[in-house]
Every structure is written in C-alpha cells, then in structure tokens.
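Hello,

Here is the structure I promised to hand over. My notes on what I found in it follow below.

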Amino acid sequence: MSLKLKAKNTLFQILNMLPDKVGYPLYHKIQEWFDRNSIHYKINSSHNSYLTFERLAKESNISILGKSVIEIGSGWLPLMPYFFIYMGKASTVETYDLNKHYNKNNIANLNLKFSDKFGIPVKSEQNGKLNLPEGINYYPKTDLTNVELKNADLVFSRFVLEHVSPLDIKKMHQKFKEELPEAYIIHLISPSDHRAYVDKNLSNQDFLRYSEKEWGKNHTRFDYHNRLRLPQYLEIFEELGYEVLFLEFESANKDSDIYKKFKTVPLHVDYEKYSDEELTAGSINVVLKMK
Ligand SMILES: C[S@@+](CC[C@H](N)C(=O)[O-])C[C@H]1O[C@@H](n2cnc3c(N)ncnc32)[C@H](O)[C@@H]1O
C-alpha cells in the first residue's frame, strides 16, 4: 500500500471515531483542503456526464423538457442540476445529499464560469441563502431513503450508488417504486475500488480479495463504498420489478494493464462465481423503469 493511501486511511479512521456533529464538518474541511481539481475540470467532467445522460435518454426515448428531476447525491457543486435546467430545459431539479457541501462563494464562482463556458446567463435567486438559480432546490443533510419525495419524472444519480449500502439501494428503489412509479431512473455507477485512485499500484478490483468482514474494517462511513458487481446491481433492480431499458458498461480488454493487474488479485470465494467480464465491468450506465 502506498504511503499516500496509508495516510488517507489513518485520517479517515481517526475521523470515524468522532461523533457525527464533529466528524462531518471536519470531513467537509479536509475534503476542501485536499481538493486539487479546478472548477474547469469539474465543469468538463460533469459536462461529459451530461452528454452521457443525453445519449442514454435518447436511446430510451426520454425527454426532460419541462419535466421535474430528482438528483440523488448533490456532491460539492450543482453541476448536473445546471445542465438539466440550462441544457435539458427541465422545469425543476430537487437535489438531495447526506452532507452539506454547497456554499455561496463556490456557487457564485460556478455561475460566472458556467456562463463564460457555455454562453448561458445563469440567473441566481437573490433571496435564497445559496443564490441558486430558480428551479433548483437543495436538500442537504437529507437521507433520500427517509424523506417524502416530491413528484418527479426522472431520478438521476452520478457516482453515488457505489457509496450506498446494498440494503439502502433496495430501500431507495422500493421507495421510487411506491412513490414515483412512472419515473424513469438513470444511474451512472463507478464500481471500481476507489483506493486505486490514490494508490496507482492497486488493481481497480483489488477490494475483491477481502471477505465482507475484512472489507468492513478497511473503510469508514466517510469513504464507504460497496463492492457490488454488475450482476448484483441488476439482481436488485430486477427483483423489485424494474425493467432495464438500457445498459452499457466498460469491459477490460485482455491485453490491457487493467486486466493484467486484475488477474493478480486473489479473489475471495464470494466472487469466484462471477466471470471476469462481470467482475471487471466498469462505468456502468443504466436506465430503469417500473414494469
Ligand atoms: C461520490 S459523491 C458524488 C456526488 C455527485 N453526484 C458528483 O457526481 O460529484 C456521492 C454523494 O452521494 C451522497 N449520498 C449517498 N447516499 C445518499 C442518500 N441516501 N441520500 C442522499 N445522498 C446520498 C453522499 O453524501 C455523497 O455526497
């Protein structure tokens, strides 16, 4: 394990010993200090996700023109909501997050940069605390599995489901089934071992070497990620009665370094029943609809 990953793990283990009231604000500060990605990088990365969303929506005959959207996991900046409102012409976006990461200065900066890049004037609502544009409503410190949802035509998430426990993924989708039976659901999922972003020597599937118990000790509530493989996600959706309208994912080419590294990982018995393609499936994009 690299020194960088060891240091990160130690920091998160210390954070994990603190009560929520202290731990979460400290986690927010630490993430802010260590964030090396520029606003331009963040805008471009979310723009790519929006283009992916547009492609999936087209494939599935979905339009968000004048429609209402729910976003699971707002993150640090309201980027996907801006794309939904300013490019997709959605009427509203309700965005939920367990944490509270948005702040007024970052949003003012985003408004300038977003307007500059896309030539779209962003009109913020001056009376709101965060000066968010009209139509975007932010629900921080809110667990989406525990609130009454506003009616919505589309539920969207980007890089969120891998951070949700399998039980909560089921709870979430049961809720959508009961409260939003007509809504389309689109998830962009990044199912790789996120420790490999910090330690370049690790395989994207390194975490598949551990038992569930060992993996539980390896991370905390601040850097939780499940290890669900593609068939396990699909099983959850299908068991609840969802139809998969569209599915795409990346496969590792057998000659690639990613695949060669994967083959060095001694798989835990829990993962032996899956094929290499199922285990290495990355960048999973899925469109769901209740049957
Ligand atoms: C890795 S971040 C991704 C944020 C954002 N979608 C992006 O692409 O940058 C995952 C976010 O999902 C949020 N999240 C996880 N479970 C949630 C839940 N049950 N309700 C609301 N937000 C949740 C986390 O708090 C976290 O901010």
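**Overall picture**

With 291 residues, a compact globule would have a radius of gyration near 19 Å, and the protein has 19 Å, which agrees. That radius is taken over C-alpha atoms, and the globule rule is 2.2 Å times the number of residues to the power 0.38.

Please note that this is a predicted model: local features need pLDDT of at least 70, side-chain atom pairs count only at pLDDT 80 or more, and totals for chains, interfaces and linings use all residues. Residues are numbered from 1 along each chain as its sequence is written, and side-chain values use heavy atoms, with hydrogens and water left out.

The C-alpha atoms fill a box of roughly 55 × 45 × 35 Å along the principal axes. The protein has 11 helices and seven strands. These are DSSP runs numbered from the N terminus (helices: H or I, at least four residues; strands: E, at least two). Of the 291 residues, 49% count as buried. Buried means under 20% relative accessible area, exposed over 50%, and partly exposed in between (1.4 Å probe, protein chains only). Among contacts with a separation of 6 or more, 77% join residues 24 or more positions apart. Contact means heavy atoms within 4.5 Å.

**Cores**

The largest nonpolar core has 35 residues. Phe53, Phe84, Phe156 and Ile186 touch the most other members. Such a core is a set of buried Ala, Val, Leu, Ile, Met, Phe, Trp, Tyr and Cys residues joined through side-chain atoms within 4.5 Å. At least two residues each come from α3 (39–59), α4 (79–87), α5 (104–118), β3 (136–139), β4 (154–158) and β5 (184–189). The largest share is from α4, with seven residues.

What does Ile186 touch, leaving out residues up to four places away in sequence? Its partners are Phe53, Leu56, Ile62, Leu154, Val155, Phe156, Ser157, Val286 and Val287.

There is also a second, separate core of 30 residues. Leu149, Val164, Leu234 and Leu240 are among its members.

**Helix α9**

This helix spans residues 230–239. Its buried residues are Leu230, Pro231, Tyr233, Leu234, Ile236 and Phe237. Their cover includes α6 (166–179), β5, β6 (242–250), α11 and β7. Just after α9, Gly241 takes a positive phi of about 100°.

**Second largest pocket**

This pocket holds about 300 Å³ of space. A pocket is an open set of points on a 1 Å grid over the protein atoms alone, where a 1.4 Å probe fits, with protein on both sides within 12 Å along at least five of seven lines; lining residues have an atom within 4 Å of a point. Grid points are joined across faces, edges and corners, and the volume is the space filled by probe spheres set on the points.

Of the 16 lining residues, Ser192, Asn204, Glu250, Gly282 and Ser283 are the closest to the centre. The elements that give two or more lining residues are α11 (276–280) and β7 (282–290). By class, the lining has six nonpolar, eight polar and two charged residues. Here Ala, Val, Leu, Ile, Met, Phe, Trp, Tyr, Cys and Pro count as nonpolar, Asp, Glu, Lys and Arg as charged, and the others, Gly among them, as polar.

Gly282 lies in strand β7. It is buried, with a relative accessible area of 16%. Gly282 and Glu250 are 32 residues apart in sequence and 4.8 Å apart in space, C-alpha to C-alpha. Beyond four places in sequence, Gly282 touches Pro191, Phe249 and Glu250.

**Single residues to look at**

- Ser49 sits in helix α3 and is buried at 6% relative accessible area. Its C-alpha is 8.1 Å from that of Leu188, 139 residues away along the chain.
- Lys89 is in the loop between α4 and β2 (92–96). Its phi is positive, about 60°, although it is not a glycine. Lys89 is partly exposed, at 49%.
- Asn131 is in the loop between α5 and β3. Its phi is near 60°, again positive in a residue other than glycine. Asn131 counts as buried, at 16% relative accessibility.
- Pro121 is found in the loop between α5 and β3 and is exposed, at 64%. The C-alpha atoms of Pro121 and Tyr210 are separated by 50 Å.

Best wishes
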